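Have the viewer open as you read.

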Amino acid sequence: MDKSTIVCRCEEINVDEIETAMKNGAETFDDIKRLTRCGMGPCQSKTCLNPVREIIAEYTGKPLADIRISRMRMPLKLVRMSALTNGSEGGNVASVFGESVEDGETNDE
Ligand code: FES
């Protein structure tokens, strides 16, 4: 792969930037993410995760199966913005994250 090849389209990160991050101590996708912003774009690494894992495997000489995926953050699936607002149709934040909370009930005491 050419060094100028864009791997993360969202953040416009190329192969050379990923290899530079690894030369500076990055060992995982999350390390590369912190150093370059790779994986932090609108697609949240759905496009660049595997190409970056392949680069890590090639650079380190490890099998691809040993290269971990990035740490996932909530929500794990697409949700409508209306589902994240209180009192709107479709629920509230608690229901999005799998908890059942009655209207007006809070955990504050
Ligand atoms: S392609 Fe990397 S975050 Fe979208």
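## E11 and its partner R37

E11 has a relative accessibility of 23%, so it counts as partly exposed. This is a predicted model, by the way. The side chain of E11 meets that of R37 in a salt bridge, with 3.3 Å from N to O. The two partners come from distant parts of the chain, 26 residues apart: E11 sits in the loop between strand 1 and strand 2 (13–14), while R37 belongs to the loop between helix 2 (29–36) and helix 3. R37 is also partly exposed, because its relative accessibility is 43%.

Why would such side chains pair up at all? Side chains of opposite charge can do so when their charged atoms come close.

## The other salt bridges

How many salt bridges does a search of the whole structure find? The count is three. Another of them joins K3 and E19, whose closest N and O atoms are 2.4 Å apart. K3 lies in the segment before strand 1 (6–8) and E19 is in helix 1, so this pair ties together parts that are 16 residues apart in sequence. Is E19 buried or exposed? With a relative accessible area of 13%, E19 is buried, since the cut-off for that is under 20%.

D31 is partly exposed at 22% relative accessibility, whereas R34 is exposed, with a relative accessible area of 60%.

## Overall layout

Zooming out, the chain has four helices and two strands. Follow the sequence along and you get the pattern β-β-α-α-α-α. Of the 109 residues in the chain, 29% count as buried.

For packing, look at helix 1 (residues 15–23) and helix 3: their axes come within 11 Å and cross at roughly 50 degrees. That angle makes helix 1 oblique to helix 3. As for handedness, the crossing of helix 1 and helix 3 is right-handed.

T47 is found in the loop between helix 2 and helix 3. With a relative accessible area of 35%, T47 is partly exposed.

Where does the chain bring T47 relative to R9? The two are 38 residues apart along the chain, and their C-alpha atoms are separated by 8.0 Å.

## A nonpolar patch on the surface

Which residues form the nonpolar patch on the surface? They are I69, M72, M74 and L76, and together they have about 450 Å² of accessible area.

Take M74 as one of these residues. M74 is placed in the loop between helix 3 (49–60) and helix 4 (93–96). Its relative accessibility is 52%, and because exposed means over 50%, M74 counts as exposed.

Notes:
Residues numbered from 1 in each chain as written. Predicted model: local features only at pLDDT ≥ 70, side-chain atom pairs only at ≥ 80, totals over all residues. Heavy atoms only, no water. Patch = residues over 30% accessible without salt bridge, like charges linked within 9 Å, V, L, I, M, F, W, Y side chains within 5 Å. Areas by Shrake-Rupley, 256 points an atom, 1.4 Å probe, with all protein chains shown as cover. Salt bridge = Lys/Arg side-chain N within 4 Å of Asp/Glu carboxyl O. Buried < 20%, exposed > 50% of the residue type's maximum accessible area, 1.4 Å probe, protein only. Axes fitted to C-alpha atoms, helices over the stretch in contact; angles between N-to-C directions. Parallel < 35°, antiparallel > 145°, perpendicular 65-115°, else oblique. Left-handed = near helix turned anticlockwise from the far one by under 90°.
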